[in-house]
Every structure is written in structure tokens, then in C-alpha cells.
Protein chains: 4
Amino acid sequence: MAEVVVLAYSGGLDTSVALKWLQVERGFDVVALSVDVGQQEDLEAVRTRALATGAIAAEVVDARDAFADDYIARAIKADARYENRYPLVSSLSRPLISERLVEVARRYGASAVAHGCTGKGNDQVRFEVALAALAPDLTVLAPVRDWGMNREDTIEYGRAHGVTLTQSKENPYSIDQNLWGRAVECGEMEDPWAAPPSDVWAYTAGGLASLPDQVVIGFEQGVPVSLDGERLPLAALVDRLNRIAGSWQVGRIDMVENRRVGIKSREVYEAPAAVVLLEAHRQLEDITLEREVAHAKIELGLRWATLVYDGLWFSPLKHAIDAFIDEASKPVTGEVRVRFAPNAFWVDGRRSPSSLYDYELATYASEDRFRHGDAEGFVRIFGLGIRTWAERQGGLRP
Amino acid sequence: MAEVVVLAYSGGLDTSVALKWLQVERGFDVVALSVDVGQQEDLEAVRTRALATGAIAAEVVDARDAFADDYIARAIKADARYENRYPLVSSLSRPLISERLVEVARRYGASAVAHGCTGKGNDQVRFEVALAALAPDLTVLAPVRDWGMNREDTIEYGRAHGVTLTQSKENPYSIDQNLWGRAVECGEMEDPWAAPPSDVWAYTAGGLASLPDQVVIGFEQGVPVSLDGERLPLAALVDRLNRIAGSWQVGRIDMVENRRVGIKSREVYEAPAAVVLLEAHRQLEDITLEREVAHAKIELGLRWATLVYDGLWFSPLKHAIDAFIDEASKPVTGEVRVRFAPNAFWVDGRRSPSSLYDYELATYASEDRFRHGDAEGFVRIFGLGIRTWAERQGGLRP
Amino acid sequence: MAEVVVLAYSGGLDTSVALKWLQVERGFDVVALSVDVGQQEDLEAVRTRALATGAIAAEVVDARDAFADDYIARAIKADARYENRYPLVSSLSRPLISERLVEVARRYGASAVAHGCTGKGNDQVRFEVALAALAPDLTVLAPVRDWGMNREDTIEYGRAHGVTLTQSKENPYSIDQNLWGRAVECGEMEDPWAAPPSDVWAYTAGGLASLPDQVVIGFEQGVPVSLDGERLPLAALVDRLNRIAGSWQVGRIDMVENRRVGIKSREVYEAPAAVVLLEAHRQLEDITLEREVAHAKIELGLRWATLVYDGLWFSPLKHAIDAFIDEASKPVTGEVRVRFAPNAFWVDGRRSPSSLYDYELATYASEDRFRHGDAEGFVRIFGLGIRTWAERQGGLRP
Amino acid sequence: MAEVVVLAYSGGLDTSVALKWLQVERGFDVVALSVDVGQQEDLEAVRTRALATGAIAAEVVDARDAFADDYIARAIKADARYENRYPLVSSLSRPLISERLVEVARRYGASAVAHGCTGKGNDQVRFEVALAALAPDLTVLAPVRDWGMNREDTIEYGRAHGVTLTQSKENPYSIDQNLWGRAVECGEMEDPWAAPPSDVWAYTAGGLASLPDQVVIGFEQGVPVSLDGERLPLAALVDRLNRIAGSWQVGRIDMVENRRVGIKSREVYEAPAAVVLLEAHRQLEDITLEREVAHAKIELGLRWATLVYDGLWFSPLKHAIDAFIDEASKPVTGEVRVRFAPNAFWVDGRRSPSSLYDYELATYASEDRFRHGDAEGFVRIFGLGIRTWAERQGGLRP
């Protein structure tokens, strides 16, 4: 009896050929697994295709709520933007898909799992490190990385083995999308001086009429819980906000980023809900976090984003930073008002029952309760070390 | 003969009354100093007013180029945004004004210098720590902090001593502006839930017709040197970019920030050139800085911004971080293309002779020279510590 | 009826005079509170003295276990050494004493609490910030800081008001001691070039015969729980280890440190148990913490130590770092063997059921299960960014 | 004509067999290079052996001064201790040897260089990343990693090809030593619970009679320049201090460390001069560095040590941190007095012309010029954020 491998299956060319290759070249019984993380594709069709390509079984798992509640919520609390910019679209879904691969592998008694990533991207790292953490006993196969076929070879192998090629050869882009955003690479954007062609946009293509130009987002302990006062599951909230912000063409990111494998790559992202929620969350933190914890959280949030980008979702450092963030996020409850205009959004109001903004301290009006007399002593002692340092030099040269 | 004090003089109500108060209540001969840091005010009129208010001398110093070359250039290289957002408008001008205060104090044989800051803001800290560093021997006076007058008292004292009140009592805002931006506080914005009124905007009021919707910014070693190929002194470049970006209503920032003195305050900034140059600079760094130095520079840039915000421009830590930044910035030479739309701007191209973006490594096309076979070993060793950690627990619970 | 103030009372000159001064000059009814944090003094005598000096009540609280379990245990888990050296002797006791001050103040309906610290030390900051956090409504008095008396004045005032001076005028040192260590300042050590006189040592005076030259310390989740296999409450464990290590003259620290108030001060500490437990704990972490969490914990531990040194025990950043540390410390269970010699100690063995040290990976013997073939790919990709950076420059100049 | 490879040659078994293997199996002309970094071996004998083993040429380079001045000096300025403990013995010599390999390769027109490291250590990373930076065009060979021979195979291959085995088979340790220290691995120490056998020590074997029990070390800008007032080249100073401290059995380090390749390994180091100089340097920094720069330098020093440990000596982040350290180290000039006792040393005096220790600020005597009145205001504003935070919760629960 053949060994079973569970393959993370997207329905695209690479994973379809991988399915066939694992079966033909390596003699595996292949179980195809497609995880719905909000990528808005017809996963029943994908399932059918897997079976047509030779899978002994094909599973579709709806993980949208788990993705929102266990992954996106953590990313928001962490203010997670890799290199201060990228809101971790694909980085977030890989560990979740790894969890599901292990579950299905256990169910089928599989000895191996497989992914369709190449050798130069980040996703191989994310899958393999997550799988090493979750199931150190399972073998992980990376057929696309191993077989050494270029695109033409792949198409040729597929054709030779009866893999139907639904994907148009015209589409020059490599795309990954989920509830939290959409990533587009390749094509003419491989020249970082070239502007992205207008046909790359989908989530922010705009064109939806009569959407609101303002929303009030409610948060509890750092997690979004309502839009305009209506409580929503996070997955639904993100989905609705994707449509609103996307209709204003808000959420486009064009950057060159540093991959874990030592390569710089030009990436274009669309993350309408993500950029809005991250900014709204930061603004709510501005009134609810004490200065020192706020500053430390910026640093640790950057570290968190790098860890998750690098595939270390399941790692003791990530877990420990999560504990820090959970503690720090306790007061981050309140509301933020966001305004939209074409290509733009901004926050113009934030309020919280646990706000540390104190009108009576801040105001320049007469009801002020700040003790001005304290300031002189504060400033002198605050600057005492600098004064001593400068005195040793007879004063700096102005 | 009276002792001489040099007062940083803006021509506004507070410093005019302070001038009179130092003269009348403290018996000083007052020298008024007004420093042009690009605030676009009629400083000759300010000078005349100082003399009319009783100054024994009134000096106007044009420090626009020094401000750009010695302060703004450093802020750009540091990617300086306090709390990841505020581009340090007033924080940058205070140490420069302190330098000029000391110079003029030496020229006049003054025993003291004075500023017009209150006890609850950041600027008192910035002036006094800078002055302690530059001239530990000079006494620093803060009449506005010390006298304990509220706004009504101040107006009354001024009127009683013949200080002409040019400032309209209607303007409810406290404003500070210079070449790098404009800060607006107070009025109804003291409620952080209230949107800023439409009359607060000046640098980004828009309305200039026919300005370009695209510029190419050239940088050398991290400093902007040209616009659309035309080499410009930095002060002129910033000034021109303020007009271009401001006409698109780009550069507005609405935030609650953490002051050094333990207070949260709502601030509204307009910094059109600043936000564009900082983003363009970051994008150029994305292709010219190696990953680890880029990540470390983000952290140290945040620290630099906090130091400068806190008034520690002249401090050994700031100097040492500058040395780090100067070394790291050596390859940051190249061009960045910025696009504008109403309320929005974005970068869609960046190029550099020292770019580390390597098409042959990054591309998914066949001329790829990345060695895919290396990836398997890399990923396994990269994840080895996590694998060992997880094995000790029999694999994590998925 | 007089208002009640609760005074942190040590029985020394300063707090005795402060007690009298609060009573005579400020008209308070004074409740004296003496907290036993292991300082090995006769607190009943101190209590009697407080009453003799005029206190309306005098309380002695035994807080040794609370000090060990709630404060010292956290310091060990944090590897807390301020400036990488000082194990936080006094810094740890101040917030605990503040807690007890508030408890007693509530019990007596006091409107104020008081401490006997001067204006140039750290302890005023620690008391006042802790008290502001615990009881923002209580007034905090600092009579010694406020009255402006020098030592001679103080003695004179005491004598004039019948305060018995038990303290010898000969002792030139300022001393604070507790279960976690002993701090000595002043005297000839105010010259940082002068060696500490031999009479400053007490905890490490040595001279105890026949103590063991080896102990095995057991830890659970980062906290010491046993000595040589015998389970002990932490307070008892620390006490016993103070005697063992102190008998070997281990635990002396001579340093110049940076106070929060901008002053450098020469400090001599004796902390026999502390230095041994901190080193043993670090060595146990070496085998139980994964590399990245270990490295991050060093940084956050330094930050934690600075926060606690600066008086921010009760602060949201300290709380959030504690959450990080608690999570990271979960696997830090095991045993460490410590050896002693005169003036010296070292760890020469550590073991743990959750050890990540893997003989089969580490050994150079033939049972090795490290995959050597992985290394080539790892090294190449690990260095790829550096290679690209160097290639841009035609290779660095050797 | 054969291609030329330059091999880093130690004269030991592994590199001798590697020499032969490169010649026989790969057909190279091998040039052997032995670099004197203070390892106190007879390198002329090593040279002779290389030629006897078949090298076409054998070079010995005395790099002791370069090692001290370009590598050790930087490590001291950085306070470099990996994981707060290991003073970077082998990590420092690898990039220097890489420099010399490239120089010799250029001289001989070699197309490749080679090292004798295995696949599970750090040194392969250090060599290969340094070589990639210095000479991206050269091929790097790692015969010992590649050939897959265990120890027995290696000996057998050597014997079969006439490689004389001078090394005793009894010595169970793997040793690397240089001017900065000595590293010992393997044998029974592969059990981290086992104490190091007494025969592992060499640099700290003690037994030298009548060496001084005190030295005064002079520093200029962070670099040691004199012992007891006698100016010495750094290499000579380190050498002499190795003998003095070693005679007191000072400088032993026993730890489990985290290798770059994901393995924990037990390491025993002897670094007599290193531990003394690093501590003396830190103590001098305590009086010459302002608090904030001192704290930041601790963090960056840890990062520097990790970078160098990881083989990133030639990297832009290391270079930028060096610039920070050079700037910060400018005032680190002065003298430190070190005392020795068996197994122990400590600093008991430090002084500097640029000392920031200010007796008049620090003293509790009456000539005090600290303004005590400033403290109240300082403490209140310093704690204002915490007070506000606690007030929102009605005070923390004590």
C-alpha cells in the first residue's frame, strides 16, 4: 500500500503538477487539501480538479473565522507591519494552513505533507518551520523546489500527464490572496523603477458606488469588534471593511522588501481593511497606552512582524511577545472614526473609557491642573547628565 | 549697568509680554532674537516690534540653510518620525535657536538667555537641555513658566505696560511653523474625538492650480539633492516640495502624542515636504540597505526621533546614533518617483547605482541564478532550534 | 483632630528626626511603620524607639516571604542586573514597603504617607512613583528632602527635640540592607579611585568555618525551589545561600552607577545569594531557552532592571515585560551545580528535563544526527545578502 | 596546469588530510597558509609539515599585531561577550584569516580557497561569509564538511595517503586558541552536567610564582594602552596580561551556548586577559559614559557580539555599529586598578580626566551642589504618566 502525503493544494498550475508528480514520480497516494482563508475562489471547483488530477481524496476546509480570530486579531494587536509597511498577508495564512495539513495528515495516517513553494520565496520557510514545530515526525516534501523544472517544463510535464491547464498563460503575475490582503509579484514589476500596471489591482479596483465615506470602528482589548456600532465577527468585519476601503482605492502598497532568504523583491500588495484597521488601532493605542509601554510595543511589534514574516509563528519568542502584547493591550478598548476620500483615508477622532488623555492636564485653558512649578525642577534634573557631560568639555561648540 | 538677557522672540503675545516683564520686573536689558527657520513671517516687522516693546537691541538671523543642512538633513537620514508618525517640526528648530541664542549672548556679554515656553510643553525641555549643553554657564530664564499668569492676566499685563496686541483674540490655536512643517494645537481639538476644523490648515490648504502630479527626487548618501533632475539647496528643495505636496493637500497628520512631561496631547501637523521626503527616503533605503542594517536602522531611527523630541539633540547618544546613521547611509544614493493625487501620494519607482535589488536573484524568469538546492538545507538549519524545542514537547498542539 | 501620616520608619537618625519633625512642625499624628524585608535588625527595638520618639502607633510587618515570593522571584526570572551588574537590592524593597504604607494608611484613615529619602537618591523616586500608582489620592511627604537640613542640623534638631541618637557618629557609611543584599555608600568610597575599606563588608565578611564548597540549586519555571535537593521557601533558600556564599566572600560588587536623577555614584554591594542565583539561573536558561527567546530575554531583562531601578515597579511596561518573562520562563526547570572557592564561584554543571541541548546534534562522535549536507546551503543563503552587498563594491578591500 | 587552492592550514589531522584530499581527489595545487594569531604553536614546523604533505607552497603569516589592533581592540570597545559571557575567541580570528587567505590567493592566482571546518560548527559560517564579502569571485571549498568521513575514516585516509599523524589519538578535545583565548570542546564535557576535567586548562593552569596581585590598566578612547604605566602595543599587553591573570587561574568560562546553526553546545573557554580587560573597560565606561549612551551601548554591544559570533564581521550592520562605538568611545580614557586573588579578580578603582563622576553632585557631605528642591518637581513629572494610568483604575490593588 502506498504512503499517503497531504498536499496543500491551490488548484493552480504548480500544485496540480506537484500532485501528479508526487503520485507518478514518488509513488504517493496524494490527499489534496484546500483551505479557505478568504481567498474568494471557488474551492468546490478546486476540489473537483484535485480529484480529476489523481488525488485519492480532496478536502476543503473553511478556516475563515479561525484565520480572523487566531491570526488576524494577533496581527492587529501587534501593529504588525513588516519593515514598517507590509501587513503580512501571506505570512499569516501559512502557519494556519500548516495546522490544517497536520490535522488532515493525522486523519489519513499520512507519513508526509507537501507544499508547492519554490526555493527562493518566504513561504517554504513558513511552511517548513511551522510543520517542524507542529509535527516534527512528518516528512515535508517540496516538489516544486526539488524537481528543478522551469515554467515551460512544468507546463510540458502537466500536459504530458493530463493535467488540465485552466490558468491562462497570459497572466504574468504571481498572486496570493486571502481575507487580510492580496500580494502580486512578477511581470514588469520585477523592475523596481517601473510603476505597477493598472491591471494588477483587484481588492482596490474601486468602482463600487455609494459606499460610506466614514466608519467608526470599535475595539475591545485591541481587537476590532464593531463597525458603526454593529457588532460583527472579525472575519465579517474585515470582509466588509475590505469592500468599503477598497471602493475608495485605499490599501495599495508598493515596496521592495527583504526576504528571509537574502533576496530583495518588489512586491505590490492590496490590503484595504488591514491598513485601515492597523492605523485605527494605533490611534486608539495613542490614547490608551502609557508612553513607555507604547514605545516598547512599537519595537516589539516590529520584531513580532519580522518573526512571523520569517516563518516563526510557532516559536517561543513569538509566544512570549504575544504574552507581552496581550498584557499591554488590556486597556485598548474604544472607538476610532475613519474618513475616506479617493486614494486616501485618515483618522480624525478617537475615544476610550480607559483613555489616558486628560483634558485637565493637556488644556491651555484655565482649568488646568498641571503643576507648572514642577517643570523647572524636572527639566533641570532631566538634563543634569547632559549638563555634566557638556561641562567636562567646557560647553559644546555651537 | 543692567545685566543683559537674550530672549528668543517670536513677536507674539507671550514673548512680547515676556520681553517687557524681564525688563520691568527683573531689571534686565533685553536683546530680542528672532531666528528665521522658514516660518514665513515678516521678521523685520517682528524686529521693529521688539524695539518698540523695549528691547535694547533686536536681531534677526536667517538660519534657513543651516536649518535644512544641519537639522532637516539629519532627520531625513534618520527616517525620524516620533512615535512612528510625527516628523519633528518644532523639535528640530529648538536646538538651532538655542545655538543662535548662545552666539548672540556671547556677542552681547549676556549673563542669561530666555525663552517664552510654558511649563507643560516639550519646548522648555528642548531649549533648556540644549542650552545646558551649549553654555552651562548661562542662566536660562523661562518667564512665561515662572510668572504664573493665565492668558487673561497676560493680556492685561501687556496692555498695562503698553505692549501692542496685534494678535487677534479670536484665533484659538497655538501654532508653531517652520520650513519642515506646521504644528497646531488647542481650540476644539483638545477633545481628541473632535475632527480638526477646516480652518486649521495652511500649508496644505491646497488650491494652487497646475502643479505637477509627479516628481522625481534625487538623493545622495541619504540627503535629497534634486527635484526632477534639478539640483537644489535643501532649503529650496523642501520649500518647493512643500508647495507641490501642499497643493495636493498632502502632509496632514492628526494624532495624540506623548509629551516628555507625562501628558498626552492632541496635535495636528502639516508637513507636506516632510512626509513625502521621509517616504521617498525609506523607499530608497529599501533597495540600498542590506536587510539587517535596514532593520536595525528602523529601531535606531525611532530612538533618534525620541531623543530629539525629548530635547536631547546635543547629547552623546544622539551623536553616536548619528555616526551609525552616517555610516549606514553611504549607499543611499539614487532616485525615487513620487505620484500625487488629491489627499494622497505614493512612490511607484525607485532606482540606485548601489541598489542591492538583483534581478537575476529575484526574477521567476529562467535567467535566475539563485541556487534552489541551497534552500532545503537553509530552511532545515534555520528551523533546527524550533524543531528541537517542539520535539521536547512532542510537537505543538495544532 | 490631627491628620494622620504613616511614616516608613527605619529607626535611624533621619527617620527619627523626620518623625519628630512631622509631629512638631507639621502637626501630624505619626504612625511609624517598619517592614521586615530581611534586614536582620531588631525591629521590636525599632518599634519601641518610634513610640519613644512620639509616634501615636508603631507597626512592624514581617514581609520576608512576600519580598522573596513577589519581588526576588521576579528579579531572578528577569536576570535583573541594572547596568548588567547591580542586582537591585534597595530597588526591590521600595515598592513592597510602599504597598505596606498604603495598607497601613488605609487602616488608620491617614491622609498622607512619608519617607525619609533625600533629594538626590533613587529611593525618593521609587517610593513616590509606587505610591502615586497605588494610592493617587494620598499625599506623599518627604521631610528629609524638604527641610533642607544637613547632617549637623539634623543631629542638632534631634537633640533639641529629645530624639535619642543611638547611631554612632563614627560610622561614615550610608547602608541599606535586606534579604537580597546590602548596599554601602559614602565615606572614602566617594572617591571612585579609592578601594573600599575592609570594614565595609558584613554579608561577605567570611569567617564561617566548614560550609560546603558545592551546592546544587533546583529551579522550577525560573524560580529557585531547592538546595541540594531540599525544598525550601524562597526566603529561607536565599537566607541560607547568603550564609554559604557569604562565607566564601562571594557576592561583592564595586561599581559606579547612573542614578535616575542624573548623578553618577560609587556603590559597593554585597549580594552573595543574588549573584549566585542569578548566574545559576542564567546557566539553566542556556540549556532550556531557544536561542532567539534567550537573546530577546537578555535585552528585556536589562530593560526590566532599569525600570525597577528607576522606580517603575508598578507600571504597565513592567507588567507587560513580566508577562513576556513568565511565558519565556516556562521551561526553565532543572538543576545547576555551583562550586565555591575563596572569593570565587562558578557553575560546572546544569541539567533539565526540558533541556534543548541535544547530544546527538552536538556531539562530534559518530552517532551524530545533524545533517551536514544542509550546512552548505544554509551558509550560502545566510550570507547571500552580504555577498550581494559586497559584489556591488567589487568585494571589500581586505 | 592545475588550478590553485589556498588552504587555511593548522597542521592538525583534519587540515592535513584535507590538503591531501584536495590534491588527490580534486586535482588542485594546494598552497597551505598558516596565520599566527598568537596560538603559541611552532608554525615553522607546521609549514614543513604542509610541504611534506604535498603542498606546492606553504606560507606562514605573523598577524598578531593586526589581530590585536584591528580585531581585539574593536571587541574591547564593543564590550563584546556573546550571550553576555563568551568573549569571542575563535569568532575574532576567522575574518582575519579570511583576509589573509584572499591576499595569498591573489598572489598565487588561485581560483579557490579552502577551510577545514565541519558542517555543524560556527566557523564554516564565519569563513564563508567573510570570504563572500572579501572575494565574491573566489570559490570556497570545505573538504571536511563535504567528504562525509568520520574520524576513523579520516585517519584511515590519511594513513593510506602517507599523512603523518603527529596528533595523539588520546587527546579527546577539540581545541582552538589564539591571543584572545582558548576554546575547548568535546570529550566528557559533551554532557553539560559533567564538570570539566582538570586537564583541560592550559592558559589558566596557574603555577607561575611571584606574579603581581594588582595591575593598573590604562585606556585611550576605549583601547588598552598601558600596564602599570608602561605603554605597550596591544598584542604585548594582552600577552602579558594573559600570563598574569592566567597565573591566578582567572578567565575560565564554562557555558552552553547557542550556535548559529541551531545547535546548543557545551564550551569551555580560557580567556584570562579578555575577561580582565573587558571588565576593566566596562568599569572605565561607568565613569566616562553618560547614562543613556551607556545603556544603548550595552544593547548594541550585545548585537555586535552576536553579529561577529555569527560570522558577520564584514557586514554593513557591523560597520555601522562600529561607527556608533567609535563615537561613543571618545571619552573612554583613563585608568582602572585590578586586583587578583586565586580564581578571582575585581576592579577597585577607576579614574579618568573625562570622568562624569562629580564629587560635588554625588557627595552627601555639605559641599553638595545638587539642587534638592528640583527633585520634588522631577519626581512628580517623571511619575505623571504612571499616576494618570493608575488613576484610571482607581489606584492599583496593593
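**Burial, binding site and symmetry**

Trainee: Why is Ser10(A) called buried?

Mentor: Ser10(A) has 21 other C-beta atoms within 10 Å, and a residue is buried if 20 or more other C-beta atoms, placed from the backbone, lie within 10 Å of its own, exposed if 12 or fewer, and partly exposed in between; therefore Ser10(A) counts as buried. Please keep in mind that this is a predicted model, in which local features need pLDDT of at least 70 and side-chain atom pairs count only at pLDDT 80 or more, while totals for chains, interfaces and linings use all residues. Residues are numbered from 1 along each chain as its sequence is written, and chains are lettered from A and ligands numbered from 1 in the order in which they are written.

Trainee: Where in chain A is Ser10(A) placed, and which residues does Ser10(A) contact beyond its neighbours within four places in sequence?

Mentor: Ser10(A) is in the loop between strand S1 (4–8) and helix H1 (13–24) of chain A, and Gly12(A) is found in that loop too; helices (H or I, at least four residues) and strands (E, at least two) are DSSP runs, numbered from the N terminus. Leaving those sequence neighbours aside, Ser10(A) is in contact (C-beta atoms, placed from the backbone, within 7 Å) with Thr15(A), Ser34(A) and Gly116(A).

Trainee: Which residues of chain A does UniProt place in the feature "binding site"?

Mentor: The unreviewed UniProt entry gives that feature to residues including Ser10(A), Gly12(A), Thr15(A) and Gly116(A), although such annotations may be inferred rather than shown by experiment. The annotated residues are spread over 109 residues of sequence, yet they cluster in space, with a largest C-alpha distance of 12.9 Å.

Trainee: How do you know what kind of axis relates chain B to chain C?

Mentor: Chain B can be laid on chain C by a turn of 180° and a shift of 0.0 Å along the axis, with an RMSD of 0.0 Å (superposed by least squares on the C-alpha atoms of residues with pLDDT of at least 70 in both), which means that the relation is that of a two-fold axis. In chain B, the C-alpha nearest this axis belongs to Phe378(B), 1.8 Å from it.

Trainee: Why can one say that chains B and C meet through the same surface?

Mentor: Because 100% of the interface residues of chain B are also interface residues in chain C, the copies meet through the same surface.

Key
Contact = placed C-beta atoms within 7 Å.
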